[in-house]
Every structure is written in structure tokens, then in C-alpha cells.
Amino acid sequence: MSSTKDRLVGIEILRFFSAFAVLIWHYQHFFFRPASASIDVVRSSQPLYALLHPFYDYGWLGVNVFWAISGFIFFNRYLTKIGARRVSGGLFFLNRFSRLYPLHIVTLIAVAALQAYYVRENHAFFVYPYNTPYDFFVNVIFASGWLTPYTDSFNGPVWSVSTEIVIYVLFFLLARFFRIGLVWTLLLMGLSAAAGGLLIHQQIKGSEANIVFCAFYFFMGGAVHLVYDRLRHVIESHRRATILLCCAAYLGLIGVCVVFGGTKYLAATVIAPVSIVLLRVIEPWIPERLAAPIVNLGNTTYSSYLIHFPLQLTTVIVLSLFGIASATVAMSPWFLAAYLIVVFTLARLVYRVLEAPAQAFIRRRLAWLGGRAPVNTAR
């Protein structure tokens with residue numbers, strides 16, 4: 001057995017593939033036409049579609065999986081500590097702010113500047129059209145996923161992180177004042193599912209739907225943690241049987257989708273918890289020499305998620321300066337490969353140069369918010 005146990009190395013693999021799914025889904029941005037302010041591409045004509053079609057067609061579900069992963073991790077890392085008052089509200093939200101905000105504000109400003117140039121040259125905003133001063137303010141306070149009825153503003157993908165912040169607040173309050181367990185978590189899942197089903201039936205979209213769906217997947221991830229924790233001895237004593245059950249669940253999902261058509265939400269609702277359990281079960285078999293590279297991949301997920309749109313916008317602008325249409329070159333598998341390599345390479349660099357140092361700096365400077373003495377940074 002390796003010493004990767006309890007480091008959630010397996011979950012980092014799922015985080016990476018969720019980020020990859022979103023990147024492939026958003027590849028369609030390269031086919032945006034400013035004249036019609038729309039994306040003009042036959043999805044099946046995109047490069048390597050035969051191989052990547054699940055991501056081209058349903059890659060946006062990576063967001064739902066991200067939410068489930070967050071629920072699993074937060075219940076794992078924080079639930080008991082918050083209930084026992086070993087993690088204060090100040091420390092909890094300081095950790096969240098320092099982790100999420102620095103890169104968010106940098107990419108927001110970058111997109112604002114790039115969009116100003118793009119709209120001057122093309123008389124239309126690139127992909128995301130809502131870029132008013134009010135929208136900028138909403139993004140500055142990290143509320144683009146729930147304070148407006150639309151999410152198509154500035155660095156658009158950040159809406160899902162913004163929505164999750166609302167659930168962080170709810171999670172902290174429930175953990176601190178109600179010490180929620182499995183029953184309460186399942187009840188919250190059920191209420192969120194019922195509300196989500198009603199919204200789907202009534203075709204209601206917007207901030208209400210965002211928050212409800214985020215809550216469902218977040219608490220589903222939390223429930224997976226609580227169930228796994230209760231059955232840990234049985235699961236870890238029967239790893240191979242658990243792996244077979246997970247594979248059977250995947251096959252069952254495929255069968256349901258083939259016979260009955262299924263739904264995209266059903267797919268995410270099965271894939272997210274089953275993948276979490278499967279990767280948690282095989283985690284002790286991951287060699288130690290692979291643990292660090294996997295964690296490094298996991299560390300690139302947030303940065304790749306936030307930088308890929310400004311990178312796309314920059315690429316389109318640069319290509320236009322040479323008279324090249326992005327829709328033409330984006331049909332090449334080599335362009336797709338180069339794009340993905342650049343995104344993840346740059347994401348790793350951004351994490352090391354910006355994210356990690358900014359996070360450490362903010363936590364040192366604002367240590368008092370977490371109930372700890374400020375660190376003397378003069379030394």
C-alpha cells in the first residue's frame with residue numbers, strides 16, 4: 001500500500017477530468033462569429049469528435065461533477081471541525097477567499113481589457129455579451145452566478161464558482177449550528193432534487209436554478225463522504241467487490257440511457273458519486289511516485305477553469321491581427337492539442353506564480369480573521 005491514503009489523490013484525477021470536460025465543451029468558442037453574435041459550428045465536425053464526443057456534447061456536466069467533488073471534500077475536511085468549533089467562520093471564509101479571489105480578480109480585469117479591444121474591432125462582445133459596469137461590479141463581488149438572471153458576462157465560466165459560494169455559506173451555518181449528519185444531508189438532497197425537478201418542469205432558468213442544482217450536487221458529494229465514512233471498514237475490506245459494483249453502476253447507466261433515453265442530469269447524478277467512490281477505493285493502490293504528479297494536475301483545475309476563456313479571447317485577437325479566422329484553424333486536431341497543452345501548462349505556471357503565493361500572502365496578512373496571531377512577514 002502507498003502512503004497516499006487520506007490525501008484524496010484519487011479525487012484529484014476526477015477534478016482534472018472534470019476540468020478537461022469543460023475545456024472541450026467550451027472549444028466551440030473558437031467558432032464564434034461576431035457578425036451574428038453567435039457560435040456557428042456543427043458539433044460533430046469539431047476535431048477528434050469521434051473520440052471526444054461525450055465531452056463535446058455533455059462536457060458542461062463537468063460543472064455538476066465539480067460541485068459534487070466540493071461537497072465530498074468539504075464534508076471530509078470541515079464538517080467535524082466546524083461542528084466542534086475548531087474552525088471558526090473567519091478561518092473558513094478566509095481560506096475560501098484566499099483560494100478563489102486572487103485569480104478571479106486578475107482574470108476578470110484581463111477579460112474586461114480584452115473585451116474592450118475586441119468589441120472595438122468587431123462591434124460585438126466575444127461569446128459573453130453582458131459586460132456593463134453593473135455586470136463588472138457583480139463579478140467583482142463574486143456574485144455573477146446568483147445576483148443576475150444571466151451568467152454570460154465577462155469571464156463567464158466563473159459563474160459556477162460564484163454559485164458555490166452561496167452553498168459554502170449554507171454549509172457552514174448548517175455544520176456550525178445544526179451539526180448535520182447523514183439524515184439531514186439526504187433530506188437536503190431530496191429537497192434540492194424536488195426543487196430542481198420543479199424548475200426543469202417549468203423551464204425556469206437563472207440564479208434560482210443555479211443555486212438549487214449546486215446545492216443538490218454539493219450535498220450529494222457530502223452524502224457520499226458520510227456513507228463512505230460509515231462503511232469504510234466494509235468497503236476497504238472488499239475493494240475488488242466495490243470496484244465491480246461501481247463498474248456495474250456505469251454499465252447500468254449506459255443501459256438505461258440506451259433503452260429509455262436517460263437524461264443528462266441522470267448521467268451526472270450517477271457518474272459523480274460512483275466515480276468518487278471508485279477513485280477513493282483505488283487510492284491506496286496509486287504508487288507514491290505518481291501521487292505528486294496527480295496532485296499537481298489537480299492543482300491546475302481552478303486555474304485552467306478561469307484562464308481558458310481569456311486565453312481563447314487572446315488567441316482569437318492575435319489570429320485576427322494576422323488575418324486568420326479562428327474558426328478555420330480550430331478545425332485542426334493539432335490546434336486542439338496545442339490549445340490543451342498551452343492551457344494546462346499555463347495553468348500550472350499560474351498556480352505556482354500567482355495562486356499559491358497570493359493565497360499564502362493573504363492568509364498571513366489576514367491571519368487574525370481566523371483567530372490566529374498575525375505572522376511577522378518582515379523576517
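Visitor: What is a salt bridge, and how many salt bridges does the count come to?

Guide: A salt bridge is a side-chain nitrogen of Lys or Arg within 4 Å of a carboxyl oxygen of Asp or Glu. This is a predicted model, in which local features need pLDDT of at least 70 and side-chain atom pairs count only at pLDDT 80 or more, while totals for chains, interfaces and linings use all residues. Residues are numbered from 1 along each chain as its sequence is written, and side-chain values use heavy atoms, with hydrogens and water left out. By the salt-bridge rule, the count comes to eight.

Visitor: Which side chain meets Asp40 in a salt bridge?

Guide: Side chains of opposite charge can pair when their charged atoms come close. Asp40 is partly exposed at a relative accessible area of 44%, a class lying between buried (under 20%) and exposed (over 50%), with a 1.4 Å probe and protein chains only. Its salt bridge, at 2.9 Å from N to O, is with Arg33.

Visitor: Which residues do salt bridges that share partners join into one network with Arg232?

Guide: Arg232, partly exposed at 22% relative accessibility, forms a salt bridge with Asp229, their closest N and O atoms being 3.4 Å apart. The side chain of Arg232 also meets that of Glu236 in a salt bridge of 3.2 Å, N to O, and these two residues are four apart in helix H10 (residues 232-237), separated by about one helical turn. Through shared partners, the residues joined with Arg232 into one network are Asp229, Glu236 and Arg239.
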